[in-house]
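Visitor: Hi, could you walk me through the aromatic contacts in this one?
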Amino acid sequence: MYIILRCVIVVKIENFDDIGSLCDGNAIIVNKEKSVMKNSIFTFNGKRNIVFIEDGACISRSKINFNGDDSVIYISSNRSESLLNFTINNKSAVYVGRDSYYNGVLTAITSEGQNIILGDRGLFSFGITIRTADPHLLYDIETGNRINPSKSVVIGDHVWIGQNVHVLKGTDVGSGSIIGVAAVVSGKKIGSNTVWAGNPSRKLKSGVFFDRRCVHQWDGEQTLKNNHSDDETTVFGKERKNIIDTYKLCDELYKARTAEEKLSIIKRNLVDNKAKDRFYIEDH
C-alpha cells in the first residue's frame, strides 16, 4: 500500500513477500525461510531506514513505524513471539535482544536521534512503555536554556519489568534487575541484581536474582521444592569482562550518520559481545 506524504512514498510491509515494494533506500534484511512475521506491519515514512532480522525471529502482532530517515532496528532471534509496537523517529537505533518473553505488546518511542537497547532474556509484562523524550520543550526562565534534552535508554540482560512500568529517558538498567509493577523510572542508573519500584522509582533491595519460571499453576509441593536456590547463573558482576560503556555506545550511535553505520556499531558492540557481564552496573 502506498501513500504520498512529505514527498516520500510511505510503504507498508505486511509480510516478507512485500519487501520488493520498498523504495527510498529503505531495506528489510531477512532470510524469510528462517524467520516469521505474522499479524504485523512495518511502515516506512522516511528514507534509508533498515530493519535487520536474525534467523529464528518470530515477530507477531507488531507494528514497527519508521517516522523519519537513517534509522535502524535490529531484531534478534527469539524462542517465543516478539510483540513490539515501536515508533522510530529520525536517526535512531533500536536493538532487541535474544530470547526475551513478552506478556503483552511492548511500546517504545525514540526521539531526537536517541537509542533504545534491550538485552537478552528479558521478561516484559503488560502495558510497558519506553521513551527517550518528554517530548515537549522545557526551558529555564532565568537563562532561557532548554533543560529537558532527550536521552537513550538501555536495559541489560535478564531484566524483569513488571506490569504498566514506564521506562523514561536516560535510564540504564543493569543485568539481573527487577522493576516492580507501575514503576516510573526516569534518568536512573540501576545496579545489577537490585529491585526498584514506585513513582518515582527507588531501590527497595540489593543482592537478589530471579528465575524466569512462573508460579501461577504450582501446587504446595512445587512451592516447597523451590523455596531455596543455589543457582547463581543470573548473578552478575563476578567476571566483569567486556563491560559495555553504554554512554559511549549511545554517543557513537548518535554520531553515526547512516543506518548502515549504526547497524555496524550494533553488530560490533552488541551482537558480537556475548560476555555475561556486558551490561553489569555496580550497585551503590
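This is a predicted model: local features need pLDDT of at least 70, side-chain atom pairs count only at pLDDT 80 or more; totals for chains, interfaces and linings use all residues.

Visitor: How many aromatic pairs does the structure hold?
Guide: There are 5. Rings of Phe, Tyr and Trp (its six-membered ring) pair if their centres lie within 6.5 Å; planes under 30 degrees apart are stacked, over 60 edge-to-face, and the rest tilted.

Visitor: What is the geometry of Tyr102 and Phe124?
Guide: That pair is stacked, at 5.3 Å centre to centre with 10° between the planes. Tyr102 belongs to strand S12 (residues 101-102) and Phe124 to strand S15 (residues 123-124), so the pair ties together parts 22 residues apart in sequence. Strands here are DSSP runs of E, at least two residues, numbered from the N terminus.

Visitor: Is Tyr102 buried or exposed?
Guide: Buried, with a relative accessible area of 5%; Phe124 is buried too, at 4%. Buried means under 20%, exposed over 50%, and partly exposed in between (1.4 Å probe, protein chains only).

Visitor: Switching topic, which residues form a cluster?
Guide: Phe52, Tyr74 and Tyr95, linked by ring pairs.

Visitor: And where does the charged end of Lys276 sit?
Guide: Over the ring of Phe236, 5.6 Å from its centre. The criterion is NZ of Lys or CZ of Arg within 6 Å of the ring centre and within 35 degrees of the ring normal.

Methods
Residues are numbered from 1 along each chain as its sequence is written. Side-chain values use heavy atoms; hydrogens and water are left out. Helices (H or I, at least four residues) and strands (E, at least two) are DSSP runs, numbered from the N terminus.
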